[in-house]
Amino acid sequence: MDCLFLYNPNSGKGKIRKKISYIRRKLEEKYERVDIVETASAKDLETRVREGADCYDVILFSGGDGTFNNVLEGLHGREVPLGYLPSGTTNDIAHSLGIPCNIKGALKVILEGNTEGVDCMRVNGAHYVMYIAAAGAFTAVTYNTPQKSKRAFGWFAYAVHGLKKNMKLDVFPLRCICGGKEIESHGVLVFVMNGRMVAGLPVNKEGSMNDGALEVAVVKQVKLPNFFQRIGKYFSIAAVMLFGARVKKKDVEFFLGDSVRIETDENVVWDFDGEEGIRGNVQIEVLKGHVKMFVPKNKKI
């Protein structure tokens, strides 16, 4: 069998490059051919995944949650087993799938060879997202925080950058339709989730990545909030992050379904798996079991 391994040298603290010899040695225990490629950019990664899907039996890759998104976009619906060596800052997808966040443990999962169909999301029929589509407060932090800061300080860099750039919570109109439920309001934060983890926290702990369902959380706000209403939203956002998307608060709406439509302003930017996505309205559907992946045996995903 032929194996392609792609890695992002800048993800996390950039340690993966030092382990390439070890990774090659382990992979050659299982695969007849092992090609290892260091990618130069997100677009380069997507191109190599797209081309590799037609030439290799499996595609393995290392990076963070954003790298995972690039891989999905590169595959664009093609069917080839994926193996993941997490090396990002928060590794939300790996935690949701039970994949160890160390090279030895993640390689063991791949070498054991257990594959399962894992859900992903498709946005507006064109974009693939693995675990979260989000808009509003703090969601730009993952792609706006300088890579140098992330490599030096890890998750702490996100926190500092988020507080510096997001103290004012912008309010945007939204209409959300999901699972037979509909609201029309204004909001400061929207999460559409497939995985259990968000920003390293179990925000969607009752969720699963192979149940064919999406979980949606909306933190509502009045159109023209006063000082106290703005301050109150920080507590609501904190409640969602610390106690989960199903927290019982009047200004937090929770939805469950296999698709969701959200209508909003055309300048509202969506975050897809930690990467800057599209703007405006979204129609998001879950694709059950669409991604074939190496995952640990006998673990809930």
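A residue is termed buried under 20% relative accessible area, exposed over 50%, and partly exposed in between (1.4 Å probe, protein chains only). The model described here is predicted, so local features need pLDDT of at least 70 and side-chain atom pairs count only at pLDDT 80 or more, while totals for chains, interfaces and linings use all residues. Residues are numbered from 1 along each chain as its sequence is written, and side-chain values use heavy atoms, with hydrogens and water left out.

**Salt bridges**

A salt bridge places a side-chain nitrogen of Lys or Arg within 4 Å of a carboxyl oxygen of Asp or Glu. The count by this rule is 16, including the following pairs.

| Pair | N to O distance |
|---|---|
| Glu253 and Lys181 | 2.9 Å |
| Lys220 and Glu253 | 3.0 Å |
| Glu29 and Lys26 | 3.5 Å |

Glu253 forms a salt bridge with Lys181. Because Glu253 lies in strand 11 (residues 252-257) and Lys181 in strand 9 (residues 181-193), this pair ties together parts that are 72 residues apart in sequence. Strands (E, at least two residues) and helices (H or I, at least four) are DSSP runs, numbered from the N terminus. Glu253 is buried because its relative accessible area is 15%, whereas Lys181, at 31%, is partly exposed.

Glu253 also meets Lys220 in a salt bridge. Lys220 belongs to strand 10 (residues 214-221), and the two residues are 33 apart. With a relative accessible area of 18%, Lys220 is buried.

In the pair of Glu29 and Lys26, Glu29 is exposed at 55% relative accessibility, and Lys26 is partly exposed at 21%.
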